[in-house]
Amino acid sequence: MTTETAPLLVPSFDDEETDRKLAIICSKGTLDMAYPGLILGNAALGEGVETHLFFTFWGFDMIMKSRARDLTFSPVANTAMHLPLKEVPRPGPLSRMRLPEEIRMPQALAPAPGVSAMATRMMKKQLAALDVPEVPEFLDQIVAAGGHLWACRLSADMYDLDESDFRDDIEGIISAGDFIEMTAGAQLLFI
């Protein structure tokens with residue numbers, strides 16, 4: 001039996017220039033799944049990391065001219081969905097009741113008509129209160145900071161889409177193999 005341990009790998013956080021790359025695959029087109037990739041991509045660019053976003057399947061909704069402003073959030077099957085009650089007025093006898101500051105949305109209510117629209121409005125309001133830009137403006141910001149946006153060839157062919165269907169700043173419709181080649185050595189995030 002050996003008692004040797006492998007040396008610890010500790011990242012360097014100094015100010016030296018690096019050749020780091022981040023490749024983010026954006027595969028979901030819902031409002032709640034659009035923001036993680038955008039936030040991480042924007043943060044990486046702020047740290048000087050070369051950043052590439054590859055949009056595929058439902059992630060196309062984020063970059064399609066016809067859909068980018070209509071992303072929605074659905075609480076269906078989202079057991080983590082909490083409804084904040086801090087701002088809910090409690091008139092009459094309820095004003096004396098001690099209620100929690102938030103509750104979980106019962107899953108039986110999630111598919112009811114209007115619930116997705118309400119959840120979408122609520123999420124957009126919370127993001128706006130934090131000065132988080134809407135998805136198209138966030139993508140503008142990422143491109144202005146040097147980020148690269150790519151569309152997946154297979155998904156475009158499947159959905160019969162071409163360059164005219166996407167934002168003007170998409171650098172190209174490329175294959176997954178081309179994306180892997182161009183981002184060789186990058187940290188890869190699949191969202």
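Leu-31, Asp-32 and Tyr-35 of helix α1 are in contact with Thr-120, Met-123, Lys-124 and Leu-127 of helix α2; contact means heavy atoms within 4.5 Å. The residues of this contact comprise four nonpolar, one polar and two charged. Here Ala, Val, Leu, Ile, Met, Phe, Trp, Tyr, Cys and Pro count as nonpolar, Asp, Glu, Lys and Arg as charged, and the others, Gly among them, as polar.

The model is predicted: local features need pLDDT of at least 70, side-chain atom pairs count only at pLDDT 80 or more, and totals for chains, interfaces and linings use all residues. Residues are numbered from 1 along each chain as its sequence is written, and side-chain values use heavy atoms, with hydrogens and water left out.

Two packed helices are described by the angle between their axes and the distance between the axes. Helix α1 (residues 31-46) packs against helix α2 (residues 115-129) at an angle of about 25 degrees, and their axes are 11 Å apart. α1 is therefore roughly parallel to α2, a term for angles under 35 degrees. Axes are lines fitted to C-alpha atoms, for helices over the stretch in contact, and angles run from 0 to 180 degrees between N-to-C directions. Helices (H or I, at least four residues) and strands (E, at least two) are DSSP runs, numbered from the N terminus.

Five strands form an open sheet in the order β6-β5-β2-β1-β7, with parallel pairing. β6 (173-174) and β7 (187-190) are at the edges with a single partner strand each, so one side of each has no neighbour in the sheet. Strands pair if DSSP finds at least two bridges between them. Strand β5 (residues 148-152) is joined to β6 by two bridges, and the two run parallel. Cys-152 is opposite Ile-174 in β6.

Two residues are set out below, with buried meaning under 20% relative accessible area, exposed over 50%, and partly exposed in between (1.4 Å probe, protein chains only).

| Residue | Relative accessible area | Class |
|---|---|---|
| Thr-51 | 0% | buried |
| Phe-57 | 28% | partly exposed |

Thr-51 belongs to strand β2 (residues 50-55). Its side chain reaches the backbone oxygen of Val-49 at 2.9 Å. Leaving out residues up to four places away in sequence, Thr-51 touches Leu-22, Gly-41, Ala-44, Leu-45, Gly-147 and His-148.

Phe-57 is in the loop between β2 and β3 (82-84). With the residues up to four places away in sequence not counted, Phe-57 touches Ser-27, Ser-155, Met-158 and Tyr-159. Phe-57 and Tyr-159 are 102 residues apart along the chain, and their C-alpha atoms are separated by 8.7 Å.

Methods
Polar contact = N/O pair within 3.5 Å; in protein donor to acceptor, adjacent residues only side chain to side chain. Parallel < 35°, antiparallel > 145°, perpendicular 65-115°, else oblique.
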